[in-house]
Amino acid sequence: SPCEFRHYLAVHIMSSARVLQLYRQVLRAGLAMPTQNRREYVVRKARNDFRKSRTLTSPEDIDMAIRLAETHLDTVNVQAKHLSEVLEEEPRVRIFVQEKNRDKSHLSVPDRPKPVPPVVPKKSVADLLDEQIC
């Protein structure tokens with residue numbers, strides 16, 4: 001009926017707005033992470049999770065995905081706050097994390113190609129016998 005369709009459309013529009021709002025909140029919360037690796041992880045995970053959820057059509061599945069995203073948002077906020085406090089209080093931990101996460105490609109020596117041995121032609125039995133006779 002027309003009333004049911006309007007209700008469905010209103011719920012769909014509201015859930016779409018909520019999903020977009022959650023997506024933005026998760027991305028912003030990820031920017032609060034104290035290390036580059038964590039920030040990149042949160043952004044990558046949010047993008048992947050929201051892309052996977054785009055194809056959901058069942059209202060129950062959509063509601064479950066929204067609740068899961070809200071839980072992830074809370075987790076990211078708690079982790080960002082906790083890690084920032086830990087790294088602020090413990091300078092040694094910050095140095096360790098920075099050193100561990102630093103790109104070390106400039107420190108590695110590229111593998112040198114192994115020298116190729118010269119190709120020595122194999123001698124035939126006749127050549128070997130000729131050498132022994134001479």
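Okay, let's start with Phe-50, which is buried, at a relative accessible area of 17%; buried means under 20%, exposed over 50%, and partly exposed in between, using a 1.4 Å probe and protein chains only. Tyr-23, on the other hand, is partly exposed, with 23%.

Quick background: this is a predicted model, where local features need pLDDT of at least 70 and side-chain atom pairs count only at pLDDT 80 or more, while totals for chains, interfaces and linings use all residues. Residues are numbered from 1 along each chain as its sequence is written, and side-chain values use heavy atoms, leaving out hydrogens and water.

Tyr-23 sits in helix α1 and Phe-50 in helix α2, so the pair ties together parts 27 residues apart in sequence. Helices are DSSP runs (H or I, at least four residues), numbered from the N terminus.

Now the pocket. Lining the largest pocket are 29 residues, and among those nearest its centre is Phe-50 again, along with Val-19 and Ser-53. A pocket is an open set of points on a 1 Å grid over the protein atoms alone, where a 1.4 Å probe fits, with protein on both sides within 12 Å along at least five of seven lines; lining residues have an atom within 4 Å of a point. The largest share of that lining, 10 residues, comes from α2.

Definitions and conventions
Helix = DSSP H or I, 4+ residues; strand = E, 2+ residues; numbered from the N terminus.
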